[in-house]
Amino acid sequence: EKILSLVPDERNALVNLAALYQSNDSGFTDLNKAGELLATLLAKEPDNVKALLNMGFLYLSLSQPNQA
């Protein structure tokens, strides 16, 4: 989050932080925050493969396979 406060559009930091929020093992699980971060990035870069992949995993973890 510190990196994003300095460089809010850093795409790798956005994707990595979203993945951390999605991880059950991280102790930081927050699926809503993960979705917000990925949606922010995808609004700017709709073809970002890493963000799309993570969004697909997020939808699967939310039991929304049709969205994935």
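Asparagine 16 counts as exposed at 53% relative accessibility, where exposed is over 50% relative accessible area, buried is under 20%, and partly exposed lies in between (1.4 Å probe, protein chains only). The residue sits in helix H2. Helices here are DSSP runs of H or I with at least four residues, strands are runs of E with at least two, and both are numbered from the N terminus. This is a predicted model, with local features needing pLDDT of at least 70 and side-chain atom pairs counting only at pLDDT 80 or more, while totals for chains, interfaces and linings use all residues. Residues are numbered from 1 along each chain as its sequence is written, and side-chain values use heavy atoms, with hydrogens and water left out. Asparagine 16 and lysine 50 are 34 residues apart in sequence, yet their C-alpha atoms lie 9.2 Å apart in space.

As for the chain as a whole, its secondary structure comes to four helices and zero strands, running α-α-α-α from the N terminus on. Of its 68 residues, 31% count as buried. Contact means heavy atoms within 4.5 Å. Among contacts between residues at least 6 apart in sequence, 31% join residues at least 24 apart.

Helix H2 (residues 11-22) packs against helix H3 (residues 31-44) at an angle of about 155°, their axes being 8 Å apart. That makes H2 roughly antiparallel to H3. Axes are lines fitted to C-alpha atoms, for helices over the stretch in contact, and angles run from 0 to 180 degrees between N-to-C directions. On this scale, under 35 degrees is roughly parallel, over 145 roughly antiparallel, 65 to 115 roughly perpendicular, and the rest oblique. The crossing of H2 and H3 is left-handed, meaning that the near helix is turned anticlockwise from the far one by less than a right angle; clockwise would be right-handed. On the H2 side, Arg11, Leu14, Val15, Leu17, Ala18, Tyr21 and Gln22 meet Leu31, Lys33, Ala34, Leu37, Leu38 and Leu41 of H3. Sorted by class, this contact has 10 nonpolar, one polar and two charged residues. Nonpolar covers Ala, Val, Leu, Ile, Met, Phe, Trp, Tyr, Cys and Pro; charged covers Asp, Glu, Lys and Arg; the others, Gly among them, are polar.

With H4, H2 packs at an angle of about 15°, and the axes are 10 Å apart. H2 and H4 are therefore roughly parallel to each other. H2 again passes its partner, here H4, in a left-handed crossing. Asn12, Val15, Ala19 and Gln22 in H2 meet Lys50, Ala51, Asn54, Phe57 and Leu58 in H4. By class, that comes to five nonpolar, three polar and one charged residues.

Asparagine 48 belongs to the loop between H3 and helix H4 (49-61). With a relative accessible area of 11%, asparagine 48 is buried. Its side chain reaches two backbone nitrogens, that of lysine 50 at 3.2 Å and that of alanine 51 at 2.9 Å. Leaving aside neighbours within four places in sequence, asparagine 48 is in contact with Arg11, Val15, Leu41 and Leu42.

Past H4, the following segment holds serine 63. Most residues other than glycine have a negative phi. Serine 63, though, has a positive phi, near 60°. At a relative accessible area of 64%, serine 63 is exposed.

Note on methods
Polar contact = N/O pair within 3.5 Å; in protein donor to acceptor, adjacent residues only side chain to side chain.
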